[in-house]
Amino acid sequence: MYYRAIRNDILRNKAITLTIVAFVAAAALLVSLAAVLVVNLSGAIDGLMTQAKTPHFMQMHSGEMDHAQLAAFVAQHSEIADWQVLEFLNIDGAQIIFEGGSLAGSVQDNGFSVQSAKFDYLLDLDSNVIQARDGEIYVPIPYMQQGLARVGDRVQVAGKDFTVAGFLRDSQMNSLLSSSKRFLISQNDYAEISNFGKVEYLIEFRLTDPSALGAFEIAYAAAGLDANGPTITYPLFRMLNSLSDGLMIAVILLISALVVVIAFLCIRFTLLAKIEEDYREIGVLKAIGLRVSDIKKIYLAKYAAIAAAGSLLGFALSFVFRGLLLKNIRLNFGDSGNASLALALGILSVLLLFLVILAFVNSVLRRFRKIPPAEAIRFGIAQEQSRGGKYLRLSRSKLIGANVMLGLKDVLARKKIYATMLAVLVIAAFIVIVPRNLHNTISAPSFITYMGVARSDLRIDIQQTDDIAAKAADVAAAMESDAAIERYVVLTSRTFTTRLADGSEERIKIELGDHSIIPITYAAGRAPTAENEIALSVMNAGELGKQVGDVIPVMIAGQERNLTVVGTYSDITNGGRTAKAVFTDTTADIMWSVVSATLADSSLTGAKIEEYAGRFEFAKVSSVDEYIVQTFGATMTAIGKASRVAAGVALLITVLITLLFMRMLIAKDRYAIAVMKAFGFTNSDIKVQYVARAVFVLLIGIILGTLLANTLGEALAGAAISSFGASTFAFVVNPVEAYLVAPLLMVGSVLVATMLGTLDAGKIKISENIKE
Amino acid sequence: MNKILVGENLVKSFGEGDERRNVLDGVSVEINEGEFVAVMGPSGSGKSTLLFALSGMDGIDSGKVTFDGEDMSALGENELADMRRTEMGFVFQQPTLLRNLTILDNIILPSMRDRRANGAEITSKARALMKTTGVAELENREITQASGGQLQRVGICRALMSDPKVIFGDEPTGALNSTSASEVMNLLGEIHRNGTTILLVTHDARVAARTERVLYLFDGKIAGEFLAGAYDEAGDDLKEREERVISWLAEMEF
């Protein structure tokens, strides 16, 4: 009996059934993909880290090495299973020249190593330990993915020619998030080029009991060993390795959550509509003595069939897509060897989705209990649903016309059903607007305030070159004699050491110079003006635990001096950790210099950029807008693309749901439509009524969605941006886009969908729906 | 006498393939202006189909319907809708009222469709009709707050709003108890006496006994006609008229 009921019902509502199956399938596909990816990723990373014997603890160190002290430390610690000191020959990117160009613009620290003897092996793509021969170079996988090199290519390093013999998996530095990349060469070649770079040491340990890592870290720090560089532990390597693919998994999960929500909304409103349609029938079934659970079974069976079909389809499709997504994981980390676990977890996640859908259907069906049989049989409609919109009287509808009034009344009378459509429209408006606003904010000139940089016309960056100070002075001299330059300032970033409250030392980048010439906007306080003052970036202030008025000790020219924090500012560049001060110190390591200038006539900017770029070839000359594009161009493009994709998807979902919703309403309102037609309403009258309903719901949806985008959306985007170091965040809204184009696109989508969805209204025959 | 409604050789079939059958199989009827006519016949004989065909609510496969001299087959869907709204009235077995509207709004609904409609005038007309039909106190009620008989009178009010030339009734008393049914029929009788043409479908001999002429439909054809003459509520014995109808129906093998 169930089978026949299900089949008839599905055949009658093919489009609606197919849509729900599609959403469930999409959800199942994404959920199972996420499960498979999680298992494979963690398995593959574990595999790689086991095969490569990743160190449990690694201290990077630049400068002199005290090997005797280290050996003494090892002798005292029996928990050390193995240890070694590897060399990492840091060579400037400009000296590493591939056939397609050098690595001059690379943000990575590129270094050369020989294969390790004991652990921390560099592996080939078959996970074997590589033995490089003379003249051979093995290139990190990320450069292969970027298409920089192919096997057999020539690479010139510090004047010496190498042939790319293959690519290497580096369990430490595979991730693009890790700031260093290791190339592998032979011992002889290493000796030959070792004069062209700066050696850093990787002091590495493997422990007998990795769980005692915490205690070991403390012991190492306490022993006062060489530690001029970051410390990285096994769990951190693991996290770095999993982050980029992990992000992809997170995005998939996020999208699948959205799809599940939409699937649930679809199920909810088809169910509610079906219950309304079958109201009398349900009353009759209750009246003749069937239990609520018996009646529920009929409906549950149908949705179980739909959910099962969708889940199976989605799971089957996941086999098609998993290869594609696993490719990257396989390339970076090798095979996971967890195929059966992945399959099991994939099945389990789909099964879970299936059960959640059934539980959801079951909870929607709870309202059966509230249907009073006598009333249902007599009226065939739920009593409470005739409430609402009471004050809209047809007799007073002159202003908007009877059809529009009928549309509005219906929405107000059946709020529960329209709430579903409203929810979808609010979400859609949110998805259209938030990424757009974010993109606008990042693209706006005012975004510079988040970057710890003042608005100037010209910006000259001097970095990755020798004798930065002299070169900056040359530029300054040229500007001094240039009549077109209104104001200019040379700001030089140097690294210093500061001491934290717990006594430990930390490196801090301080930008030195006169910060009052071309001032930035401060989140709190003001620019430093005296020798003993400093301004901190918001993120630095947070990490150092300093506020305006606090004092921070900084080692300046070998002496510790207390600087007063006089201001904080947003900065999302350089990892968000910067500082500004006016004191002079020529002894600290210089990192880069920036010369900023404003022009008397800013229309000359283009010409001046060309002039200075031609004159100072070592410098990067740009306008501030260009600087933003250079620094965040990729992010801006990505967000711009994402915002367009998001808008497209949101509009597609809007069309689909509206279409589905309208078709369902028409099917359900057959009787009312037939009555109105019998009494002389035309098909276009009916259409106007449905358009009025849709537009009414849409307007509320757009208003709510826009409000939500500007509050919750702004807060979310702000939270994301503040994690990069911004203090406060406000959307820069393009009113034409946000308040005109986006709503118009949505109105257009809803109108098209309503027109298509109400086509069936014309086909409703009075005689078939009203005849006794 | 002027023929207000004429159906000639009406054919209408339902079903697919072998199961296709003519529900109307060449029916011809003529209804005079001011006449009160009932259509009777066994279930499935095509009574309602005939009513829907004559009122332009349902198309026909062949034949011709003329309403007040106008060939309805030449009219488009919108013109037919306009005709139903302005020149015809309908009363169905179920009240066919919209649940979101109050009783008053249900009555004025078709009249308010015209944007130039005068809301105040329409409302006062509706109130007057509600008073005549005894449902004035229901004005602001929901349709779920009235009895079946009351709702049927509301339906009649709605049908009268456009001062129709013809009122079509599809078993208008079919869902009512005998008291309510009698009240509704008294009301229709009064409307008829005021000059409105009424054509109704019924299976109830007591309802048919109040009409002037009864048509008997069988297997999609008019099988017989019974001329009962005008019913005078004060002077005629309804019981006796009903018996005459019943014995005629017996002749027709009803």
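Predicted model: local features only at pLDDT ≥ 70, side-chain atom pairs only at ≥ 80, totals over all residues.
Trainee: Why is Ser311(A) called buried?

Mentor: Ser311(A) has a relative accessible area of 5%, and buried means under 20%, so the label applies to Ser311(A). This residue belongs to helix 9 of chain A. Its contacts, leaving aside residues up to four places away in sequence, are Val24(A), Ala28(A), Val350(A) and Phe354(A).

Trainee: What makes the approach of the Ser311(A) side chain to the backbone oxygen of Ala307(A) a polar contact?

Mentor: A polar atom of that side chain lies 2.7 Å from the backbone oxygen of Ala307(A).

Trainee: Why is the pair Asp82(A) and Lys118(A) called a salt bridge?

Mentor: The N to O distance is 3.7 Å. A side-chain nitrogen of Lys or Arg must be within 4 Å of a carboxyl oxygen of Asp or Glu, so the pair qualifies. Asp82(A) is in strand 2 (residues 80–90) of chain A, while Lys118(A) is in the loop between strand 5 (109–113) and strand 6 (122–123), 36 residues apart.

Trainee: How do you know that Asp82(A) is not buried?

Mentor: Its relative accessibility is 27%, whereas buried means under 20%; Asp82(A) therefore counts as partly exposed. Lys118(A), at 38%, also counts as partly exposed.

Trainee: What makes the salt bridge of Lys165(B) and Glu87(B) a link between separate parts of chain B?

Mentor: The closest N and O atoms of Lys165(B) and Glu87(B) are 2.8 Å apart, and the cut-off is 4 Å. Lys165(B) lies in the loop between helix 5 and strand 7 (166–170) of chain B and Glu87(B) in helix 2, so the pair ties together parts that are 78 residues apart in sequence. Lys165(B) is partly exposed at 35%, and Glu87(B) is partly exposed at 21%.

Trainee: How do you know that a salt bridge joins chain B and chain A?

Mentor: Arg113(B) and Asp685(A) have their closest N and O atoms 2.5 Å apart, and the criterion is within 4 Å. The count between the two chains is one salt bridge. Six residue pairs are in polar contact across this interface. Helix 2 of chain B gives the most to the side that touches chain A, with six residues.

Trainee: What makes up the contact between the chains, and what area is buried there?

Mentor: The contact takes 41 residues from chain B and 43 residues from chain A. About 3600 Å² is buried between them, with carbon and sulfur atoms giving 55%. On the side of chain B, Arg99(B), Asn100(B) and Thr144(B) lose the most area to chain A, together 19% of what that side buries.

Conventions
Residues numbered from 1 in each chain as written. Chains lettered and ligands numbered in written order. Heavy atoms only, no water. Contact = heavy atoms within 4.5 Å. Buried area = accessible area lost by both parts, 1.4 Å probe. Polar contact = N/O pair within 3.5 Å; in protein donor to acceptor, adjacent residues only side chain to side chain. Helix = DSSP H or I, 4+ residues; strand = E, 2+ residues; numbered from the N terminus. Buried < 20%, exposed > 50% of the residue type's maximum accessible area, 1.4 Å probe, protein only.
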